[in-house]
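Here is a briefing for someone new to this structure. Please have the sequence and the model in view while reading.

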Amino acid sequence: MDERAALERIAGTVSAAGDDCAILDDLVVTTDMLHERTDFPAGTTRYTAGWRAVGASLSDVAAMGAPALGALAIYAAPTFDAEPLAAFVDGAIDVCERVDTEYVGGDLDHHTEFTVSTTAVGRTDSPVRRSGASVGDAVCVTGTLGRSGAALRHFADGEADRGNELFRFVPRIAAGQALASAATAMMDSSDGLARSLHQLAAASDCGVAIESPLPIDDSVETVTQTADERLELGVFFGEDFELVCTIPETALARARETCPCSLTRIGTVTEQGCTLDGEPLPDRGYTHAN
């Protein structure tokens, strides 16, 4: 059973599952686990690992339209070396400070592989779920797509400094709060734009039709040669941690004005199916693998 099948199996048992965060009264809570083999390519610094791991959970809080109350992390490694551990904590603290929240600690454990488990908590009376999109809503995405895919190419080419730079994204906490009053559905794009659109469409019992050009990050141009490569990194690779949302036409202009980062309309909610430029959009994206 692969990761996706396992999640679907669990969803049939845990009725509250299905959004980026669990909702407990006015709290939204999320947890993530990242491993060296699958999430931190060779050359990733511990500082970047701390930033990225905690940022991934903060991104889930952002997708619910909530301010973050704080974040924690479990750091597991074969040994506890002072400098890497301190660098990890510095990265976790700095990403929290970028979104006006606090890193409040966690736990340490020994493990044969460097592994991180993170938790983030936010608070909102009106969380934005994945299930509220309506036919005719605009489909939008914050920021740009493909940074993580480009980073992986740089790591593979031995350009670790550039890879680390691209890996350190800013969670869209402020954007999520700005969009919360307008968005009918929202989630983050950690699994890739294509898979996120399929997930949102399934949750809302609708379809989406998106069109080129898409907001592909400039960094993708430097590591690709063809349009197909750019599409792969921007639409299917994932791990970009942008927000994908649906917004009524009447609220779109105001949402763009209030959003603190770029907000690009990429399509429209339809009755069924997921398409890109009129052709079926494959349902694939980032999946943890051995």
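Histidine 154 touches Glu159, Ala160, Arg162, Gly163, Leu166, Thr222 and Val223, where contact means heavy atoms within 4.5 Å and residues up to four places away in sequence are not counted. The model is predicted, so local features need pLDDT of at least 70 and side-chain atom pairs count only at pLDDT 80 or more, while totals for chains, interfaces and linings use all residues. Residues are numbered from 1 along each chain as its sequence is written, and side-chain values use heavy atoms, with hydrogens and water left out.

**Histidine 154**

- Histidine 154 lies in helix H5 (residues 147-156); helices (H or I, at least four residues) and strands (E, at least two) are DSSP runs, numbered from the N terminus.
- Histidine 154 has a relative accessible area of 8%, so the residue is buried (buried is under 20% relative accessible area, exposed over 50%, partly exposed in between, with a 1.4 Å probe and protein chains only).
- The side chains of histidine 154 and glutamate 159 are joined by a polar contact of 2.4 Å.
- A polar contact is a pair of N or O atoms within 3.5 Å; within protein, one must be able to donate a hydrogen and the other to accept it, and residues adjacent in sequence count only if both atoms are side-chain atoms.

**Helix H10**

- In helix H10 (residues 227-236), the buried residues are Leu233, Gly234, Val235 and Phe236.
- The cover over these buried residues of H10 includes H5, helix H8 (193-204) and helix H9 (218-221).

**Threonine 246**

- Threonine 246 is placed in strand S9 (residues 243-247).
- With a relative accessible area of 1%, threonine 246 is buried.
- Its side chain makes a polar contact of 2.6 Å with the side chain of threonine 184.

**Aromatic rings**

- Rings of Phe, Tyr and Trp (its six-membered ring) pair if their centres lie within 6.5 Å; planes under 30 degrees apart count as stacked, over 60 as edge-to-face and the rest as tilted.
- By this rule there are seven aromatic pairs.
- The ring centres of tyrosine 47 and tryptophan 51 are 6.3 Å apart and the planes are at 45 degrees, so this pair is tilted.
- Both residues of the pair, tyrosine 47 and tryptophan 51, lie in helix H3 (residues 46-63), four residues apart, about one turn of the helix.
- Tyrosine 47 is partly exposed at 24% relative accessibility, whereas tryptophan 51 is buried at 6%.
- Phe40, Tyr75, Phe88 and Phe114 are linked into a cluster by ring pairs.

**The second largest pocket**

- The second largest pocket is lined by 14 residues, and Val99, Pro171, Ile173, Ala174 and Ala175 lie nearest its centre.
- On a 1 Å grid over the protein atoms alone, a pocket is an open set of points where a 1.4 Å probe fits, with protein on both sides within 12 Å along at least five of seven lines; lining residues have an atom within 4 Å of a point.
- Helix H7 (residues 173-179) gives the largest share of this lining, four residues.

**Aspartate 125**

- Aspartate 125 lies in the loop between strand S5 (115-123) and strand S6 (138-142).
- This aspartate 125 counts as exposed, at 70% relative accessibility.
- The C-alpha atoms of aspartate 125 and aspartate 25 are separated by 8.0 Å, and the two residues are 100 residues apart along the chain.
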